[in-house]
Amino acid sequence: MKAYAHGLGDYIPDIADLSTADQTDPFDAPDLGDKDMNIAKGIFSVISTDQEASDWFNGKATAAALAAQSEYADAVKNGVPNIEQYNDRLLDAATLKGLVECGTVNAAYATDLNGHDQAVQAYERQKSAYEFGVKAATTGIGFIPGGGDLASKGIDLLAPSMQETFIGKPPDPAAAAPIVSNMGYGEAAQVTLNPLIAAGVPITGVPEEYLVPVNPEDPTKGMRIGTPEEIKQFNGISVPQSTWESKLNNAVTYTVGEDVNPVGHVAQHYEDLVKKPDP
């Protein structure tokens, strides 16, 4: 598994049919035109059965997802014309998040662990790969697949604010078997807005009480958009899920423009991918 992970890691853009895939090399997307992406899910699932292989392969996928979001944020910050052309980078990030989640969950189901321990393993594989990928991407050039000699610009700033969105919270003691959930409009808005906040882009329309500390132990690390649960925890305010989603979606529109708001597309793309998590 470790050999497969190292051999295939740099081809993740091709495997996942990302916008950064090299269209001239002989490695074609194995699921071209298939929204279920069963072959890609199978590759991520098998490699995720080994801890070290998962760290390397899913870590590369994590680094590529963060790099994609960072590139989108930089384009917005720099006022790049026709910003909608960068929406594909957010779709890439959503694709990679979905494949990593499906892969680690399927790998957990392949064990003889009970349902709770399967949920714990899936989460721990995701968390370990996230941390490995961030560290590898921020300490050297060439780790990010599809990035060539791209340095990990911005990933070290973005990673802490995206960890909760990318891997979620640890399973609680009552958690049963792991599941792969859809990405609602609120989460898709987090995928869009948190990179902008990390890049220093002024955000319009996000209520101040929706912001929570990136690092609760060090307020100087900045703020990010929290989930309704985090808003209640840190700010003592109860926000209905529907209100949270609506306000965040509107904030994306106010910040980047209604015609180029990517939230609905990102959420639907993710749902298409994960609705059948087991290949």
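The lining of the largest cavity draws at least two residues from each of α5 (87-109) and α7 (155-167), where helices are DSSP runs of H or I with at least four residues, numbered from the N terminus. This is a predicted model, in which local features need pLDDT of at least 70 and side-chain atom pairs count only at pLDDT 80 or more, while totals for chains, interfaces and linings use all residues. Residues are numbered from 1 along each chain as its sequence is written, and side-chain values use heavy atoms, with hydrogens and water left out.

The lining consists of Gln69, Ala93, Ala94, Lys97, Met162, Thr165, Phe166 and Val191, a lining residue being one with an atom within 4 Å of a cavity point, on a 1 Å grid over the protein atoms alone, where a 1.4 Å probe fits but cannot get out. By class, five of these residues are nonpolar, two polar and one charged, with Ala, Val, Leu, Ile, Met, Phe, Trp, Tyr, Cys and Pro taken as nonpolar, Asp, Glu, Lys and Arg as charged, and the others, Gly among them, as polar. The volume of this cavity is about 40 Å³, counted as the space filled by probe spheres set on grid points that are joined across faces, edges and corners.

Turning to the helix packing, α4 (residues 51-77) and α5 meet at an angle of about 160°, with their axes 8 Å apart, the axes being lines fitted to C-alpha atoms over the stretch in contact and the angles running from 0 to 180 degrees between N-to-C directions. α4 is therefore roughly antiparallel to α5, a label for angles over 145 degrees.

Conventions: On a 1 Å grid over the protein atoms alone, a cavity is a set of points where a 1.4 Å probe fits but cannot get out, and a pocket is an open set with protein on both sides within 12 Å along at least five of seven lines; lining residues have an atom within 4 Å of a point. Angles under 35 degrees count as roughly parallel, over 145 as roughly antiparallel, 65 to 115 as roughly perpendicular and the rest as oblique.
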